[in-house]
Amino acid sequence: LNEVTLNLKVLGTLADTVKAKIFEGESYVVDRFQFKRPGDHLVTLPSIIGCDSLIVLDLSFFNVYFPNVFSPNFDGLNDVFSVQSEPGLVESVDLRIFDRWGNCLFKSTDIHQGWDGLFDGQPALRGVYIWKTEYTVVKNGLSIREHKMGDVTILR
């Protein structure tokens, strides 16, 4: 009788990691699976020959934010309304601010310039103003144009 000894070592889970970013409200598709929430997601993909591939999807949201209030009182805190994002995400911007009658009080295509609450050199009144913007972000290697609207309140 011959005896054969096998020494097996368990290597643990082997998986490829895929990092992806989406905007809130979008979804990321892997095979037949759809993901809408940030975090790590484990996906098992079967192959034709019966071997499974394990993928860890590291999904996060692009961070583009528009404040809904600012206080342009020149104290160095929240003095300017502008698009807020992670560094290098926004490539270009066209920002416009309107009063309640639709008059354009501010416009800029400079990603480093926001509205300081002035109109014709004078402080705009406390209250709610409408903003509209088009901006370009780099998403998965492509430049994507986004359109957003909202309102911002000036506190003085």
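In this predicted model, the side chains of R145 and E134 meet in a salt bridge at 3.3 Å, N to O, a salt bridge being a side-chain nitrogen of Lys or Arg within 4 Å of a carboxyl oxygen of Asp or Glu. The pair links distant parts of the chain, with R145 in strand β14 (residues 142-154) and E134 in strand β13 (residues 127-139), 11 residues apart; strands are DSSP runs of E of at least two residues, numbered from the N terminus.

**Exposure of this pair**
- R145 counts as partly exposed at 38% relative accessibility, and E134 is also partly exposed, at 26%, where buried means under 20% relative accessible area, exposed over 50%, and partly exposed in between (1.4 Å probe, protein chains only).

**Other salt bridges**
- A search of the whole structure finds 5 salt bridges.
- Among them, D58 and K19 meet through their side chains at 3.7 Å, N to O, and this pair links distant parts of the chain, D58 lying in strand β5 (residues 52-61) and K19 in strand β1, 39 residues apart.
- D58 is partly exposed at 24% relative accessibility, whereas K19 is exposed at 68%.
- D31 and R32 form a salt bridge at 3.1 Å, N to O, with D31 exposed at 52% and R32 exposed at 60%.

**Position and exposure of L8**
- L8 is placed in the segment before β1 (16-22) and is exposed, with a relative accessible area of 77%.

**Basis of the values**
- The model is predicted, so that local features need pLDDT of at least 70 and side-chain atom pairs count only at pLDDT 80 or more, while totals for chains, interfaces and linings use all residues.
- Residues are numbered from 1 along each chain as its sequence is written, and side-chain values use heavy atoms, with hydrogens and water left out.

Terms used: Helix = DSSP H or I, 4+ residues; strand = E, 2+ residues; numbered from the N terminus.
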